[in-house]
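Biologist: I am new to this one and would like to learn how to read it. Could you walk me through it, feature by feature?

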Amino acid sequence: MMRLNLMLLLGVLLSALYLVNVQYQSRRLYSELDRAKSQALKLASENERLQVEKRAQATSARVESLARSKLQMRAATPAVTTYVSYANSTVVSEASPAADRPASAVEGRKP
């Protein structure tokens, strides 16, 4: 009988230690999950902020002003447009406005 009581006591102690260990791991994993959720919320808000900033940076007015100021670009007009084609080219694109003129008449001329 004494032997059975000791075996049962040992079983209860081992079970209690296992239960404490499982609860500790559960709490640790829950706090880690909570940290991961808060980080996901931070990243989602950061992503949304960056998307808004990207849309603001890519507006056509801003791109045009940067092209004018930093790259010294100007709008294309027919007065400054030059059509270039190869002299030995036999195929001329149908969409080209100079498709009915010979290549020598197109090179370096303004329409």
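Biologist: Let me start with a single side chain. How exposed is glutamate 64?

Modeller: This is a predicted model, so every value here is computed from it. A residue counts as partly exposed when its relative accessible area lies between the 20% limit for buried and the 50% limit for exposed. Glutamate 64 has 42% relative accessibility, so it is partly exposed.

Biologist: Which residue does glutamate 64 form a salt bridge with?

Modeller: To call a salt bridge, look for a side-chain nitrogen of Lys or Arg within 4 Å of a carboxyl oxygen of Asp or Glu. Here the partner is arginine 68, and the closest N and O atoms are 3.0 Å apart. Arginine 68 is partly exposed too, at 44% relative accessibility.

Biologist: Where do arginine 49 and glutamate 46 lie?

Modeller: Both are in helix H1, residues 2-57, and they are three residues apart, about one turn of the helix.

Biologist: Let me turn from charges to nonpolar side chains. Which residues form a nonpolar patch on the surface?

Modeller: For a patch of this kind, look for nonpolar side chains within 5 Å of one another, each residue having over 30% relative accessible area and no salt bridge. Met2, Leu6, Leu9 and Leu13 make up such a patch, and together they have about 430 Å² of accessible area. Leucine 13, one of them, is in helix H1. Its relative accessibility is 48%, so leucine 13 counts as partly exposed.

Biologist: What about the backbone? Which residue other than glycine has a positive phi?

Modeller: Glutamine 72 is one to look at, with phi near 50°. It is found in the loop between H2 and helix H3, the latter spanning 103-106. Glutamine 72 is exposed, with a relative accessible area of 61%.

Biologist: Now let me step back. How many helices and strands are there in the protein?

Modeller: Three helices and zero strands. Read from the N terminus, the order of elements is α-α-α.

Biologist: And what share of the protein is made up of buried residues?

Modeller: Of the 111 residues, 3% are buried. The protein exposes about 10300 Å², and carbon and sulfur atoms supply 62% of that area.

How values were computed. Residues numbered from 1 in each chain as written. Predicted model: local features only at pLDDT ≥ 70, side-chain atom pairs only at ≥ 80, totals over all residues. Heavy atoms only, no water. Helix = DSSP H or I, 4+ residues; strand = E, 2+ residues; numbered from the N terminus. Buried < 20%, exposed > 50% of the residue type's maximum accessible area, 1.4 Å probe, protein only. Areas by Shrake-Rupley, 256 points an atom, 1.4 Å probe, with all protein chains shown as cover. Patch = residues over 30% accessible without salt bridge, like charges linked within 9 Å, V, L, I, M, F, W, Y side chains within 5 Å.
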